[in-house]
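Please look over the sequence and the model shown here before reading the briefing that follows, which is arranged by topic.

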2 protein chains.
Amino acid sequence: MSDIRNLALACRDAAQTLFSLDGESKRELLRGMAAALDAHSETILAANARDLQQAAAKGVQGAMLDRLRLDASRVAAIAHAVREIAALPDPVGLVTRQETRPNGLQVERVRIPLGVIAMIYEARPNVTADAAALCLMAGNAVILRGGSEALHSNVAIAQVLRDVLEQRDIPAAALTLIEDLRRETMVELLQLSDIIDLAIPRGGEGLIRFVAEHARVPIIKHYKGVCHLYVDASADEARALNLLVDGKTSRPGVCNALETLLIHRDIAASFLPKVVAALEERGVELRGCERSRTLVPGMRAATEEDYAAEFLDLILAIRVVDDLGAAIGHIQRFGSDHTEVIVTRNDESARRFVQAIRSAVVMVNASSRFSDGGELGLGAEIGISTTRLHAYGPMGAEALTVERFVVRGEGQVRHPSSRLD
Amino acid sequence: MSDIRNLALACRDAAQTLFSLDGESKRELLRGMAAALDAHSETILAANARDLQQAAAKGVQGAMLDRLRLDASRVAAIAHAVREIAALPDPVGLVTRQETRPNGLQVERVRIPLGVIAMIYEARPNVTADAAALCLMAGNAVILRGGSEALHSNVAIAQVLRDVLEQRDIPAAALTLIEDLRRETMVELLQLSDIIDLAIPRGGEGLIRFVAEHARVPIIKHYKGVCHLYVDASADEARALNLLVDGKTSRPGVCNALETLLIHRDIAASFLPKVVAALEERGVELRGCERSRTLVPGMRAATEEDYAAEFLDLILAIRVVDDLGAAIGHIQRFGSDHTEVIVTRNDESARRFVQAIRSAVVMVNASSRFSDGGELGLGAEIGISTTRLHAYGPMGAEALTVERFVVRGEGQVRHPSSRLD
């Protein structure tokens, strides 16, 4: 049997232990992990230094290198995030519905862990602790497969956390970090459909496409956010401008940042100059449709590719639309099912927008930047699902569980002739 | 572009219409479909006669041929089932949670349709109407791919239902039946990951394996049921016998029938002879472990394959176990995550069983045969999921929807410096 299959099988066996762990044991486990991260900060930083050295030698610099870098306060922040997850309500065992059937059967729907979750990521080393803590809090065993740049940091963090598992007589395999980062090994992992209950790819478009193409296990994609702000004819312009500036400029590199502005034609002549003033001052490049360019001479023309793009940068695509229906049509064509905003004072427009838009998060008069598990009340998130199945939008601990049926009777049979007594 | 891709794209466009349909419109639509099935019973029976003729010519007979056969009362039953689905509560638009955040944002979780569901099946022609009605009631467009034996019947039923859609100005593509039944066409369908939100394979092991191997779209498997009944040391023997007879003999060919009996060693000597008496009289063949064979001389020995088998027949595998833990271990090793039963008078045994068993349905002192959407209160079911994601166990209309976020604000921004006013 292959190494990766053996690792995954051990992880599945460990999942059985986690399945029956009560909430207080999991909280105590996570608090122990947070304390251990604090206590082993030096070890983690030493490993991180090796990653930074290798990255620098490869010519990595700027934001990329910064994302990789840990320091004492960042390790403390990782430990703090684990403590916050430990404070969440335990989703496992939650009875979501209860009913007594006419024949007396008591039917309950109860949340249980999914089992084994494989997390495929490429970003900062903090994901190693974050994802592990959230999966464990929901009673799942976890297989982590991070990026090569952060391997030493990831190994050090995982080792600290695994030691804490072992101290509590939980198999360390419950938290398995894959150190063999060859693509063919990832493909093998993604095909273990008898072992892995869910794989979550989180990262760039290339990674997600690769995972989607090779996975034979269920996956929930955390795909791109081509988020739209539609300014209705009835919009409060000052409010719309605040939401646009927040959505586009407060953190342009994240998936809930705005990429496209749609403006009702009746408000365009008044609103567009304000957009130009506010955004050019903040260094945002604007790319517009024909109609918007007659209102803002000299603005670069937007292409079809611009409307489909997740810029993750200080660039905004703009289109003037005839009406709400045209705005909805644009979003249906170019959107990525992530987050869309309408700014309006008209309740009927808001209702129609919410009813027609199928994205994971729909905002009425609020910033797209609130599309985040913490901001929407989940406490923590493992990411934002753009797969319209199981969980859609920000995923917290509860989204790492599933409802099943527990039925209690007093000997009821379905077919009367089965009764012998 | 290929034919199948074009068909699927038209179905996706139609899904947009269904997305915003209100509950009463969907109910009226389904009632119209039920009436049309009744009105066109003759046409459907004529098409079914062609299927039967072809099947007979191919040598199909017995239960297989009977499953294919429709008559006036069976068509009436299909129409009745559609009427029952029309009477279900509309799962779409249901607000499952509501919260006001400290910053005043009103966050709602609201159920929406999945979008486009592909149903892959091979069984009776009634699935064509059942699955279509349940998908439509949950606001989804549906692509149906049935078996070749029932093609004429399926085409006739689908045509009747599509006419009803068109009469209500809903694109008929919302209910698309695939008539090209080549395997390569099914593979193409299963790879349309930009169009299809969920594929549900329902049928024999071969079909499900084929779909799982080729799908690049999300799938929820309706896999086999290797269901266990565990008779605890404290069990009421008469009750255990009723549940065993009901589970094994009331309908042995279905997935919630029992396949394996586990008996605590302390009760085996007393209980096993009663099992033999009750089941042999009903024509059930018993296959047991060494210990059970010392209690029932002449009983055939059970193999590892027997314990893993979904017999779907009057055969029962038996094992005497040392204790509850051994019973749980056996189920973890051989079970298929479908339905397991414990018979006990000991609350602690029941609690431990429920806590350790990860199957979709766990029964305490009730028959496995109740593992069914209708019996557990869902009204109707599209099948029983053995995939521990999204929906686990019987799936009703609600399982064909997903929760998303609707957020209402008054201009809130995430970063204070974004405020210009």
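Does B:Thr339 count as buried or exposed? At 0% relative accessibility, B:Thr339 counts as buried, where buried means under 20% relative accessible area, exposed means over 50%, and partly exposed lies in between (1.4 Å probe, protein chains only). The model is predicted, so that local features need pLDDT of at least 70 and side-chain atom pairs count only at pLDDT 80 or more, whereas totals for chains, interfaces and linings use all residues. Residues are numbered from 1 along each chain as its sequence is written, chains are lettered from A and ligands numbered from 1 in the order in which they are written, and side-chain values use heavy atoms, with hydrogens and water left out.

**Surroundings of B:Thr339**

- B:Thr339 belongs to strand E12 (residues 339-343) of chain B; helices (H or I, at least four residues) and strands (E, at least two) are DSSP runs, numbered from the N terminus.
- The side chain of B:Thr339 makes polar contacts with the side chains of B:His338, at 2.9 Å, and of B:Ser371, at 2.8 Å.
- A polar contact is a pair of N or O atoms within 3.5 Å; within protein, one must be able to donate a hydrogen and the other to accept it, and residues adjacent in sequence count only if both atoms are side-chain atoms.
- With neighbours within four places in sequence left aside, B:Thr339 is in contact (heavy atoms within 4.5 Å) with B:Cys227, B:His228, B:Ser359, B:Val361, B:Met363, B:Ser368 and B:Ser371.

**The open sheet of chain A**

- Four strands of chain A form an open sheet with parallel pairing, in the order E5-E4-E3-E6; two strands pair if DSSP finds at least two bridges between them.
- Strand E5 (175-177) and strand E6 (198-202) of chain A are the edge strands, each of which pairs on one side only.
- On average, neighbouring strands of this sheet are turned by 15 degrees against each other, direction ignored; axes are lines fitted to C-alpha atoms, for helices over the stretch in contact, and angles run from 0 to 180 degrees between N-to-C directions.
- Five bridges connect strand E3 (residues 116-121) of chain A with E6(A) in the parallel sense, and A:Tyr121 stands opposite A:Arg202 in E6(A).
- Helix H1 (residues 3-19) of chain A packs on the sheet, where it touches E3, strand E4 (141-145) and E5 of chain A, and its direction makes about 145 degrees with that of E4(A).

- Helix H2 (residues 23-39) of chain A has 17 residues and reaches 24 Å from its first C-alpha to its last, close to the 24 Å expected at 1.5 Å a residue; the expected span is 1.5 Å times one less than the number of residues.
- Buried residues of H2(A) include A:Leu29, A:Leu30, A:Met33 and A:Leu37, and what covers the buried residues of this helix includes helix H3 (41-57), helix H5 (72-86), helix H6 (126-137), helix H7 (151-167) and E5 of chain A.
- At the start of H2(A), a side-chain oxygen of A:Asp22 reaches to within 3.2 Å of the backbone nitrogen of A:Glu24.
- For helix H10 (residues 237-249) of chain A, the end C-alpha atoms are 18 Å apart, in agreement with the 18 Å that its 13 residues should span at 1.5 Å a residue.
- H10(A) is mostly covered, with 11 of its 13 residues buried, among them A:Leu241, A:Leu243, A:Leu244 and A:Val245.
- The N-terminal end of H10(A) is capped by A:Asp236, a side-chain oxygen of which lies 3.0 Å from the backbone nitrogen of A:Ala238.

**Strand E11 of chain B**

- Strand E11 (residues 315-321) of chain B is mostly covered, since six of its seven residues are buried.
- Strand E8 (residues 258-264) of chain B pairs with E11(B) in the parallel sense over five bridges, and the bridge partner of B:His264 is B:Val321.
- Strand E9 (residues 285-288) of chain B runs parallel to E11(B) and is joined to it by four bridges, with B:Ile318 as the bridge partner of B:Gly288.

**Relation of the two chains**
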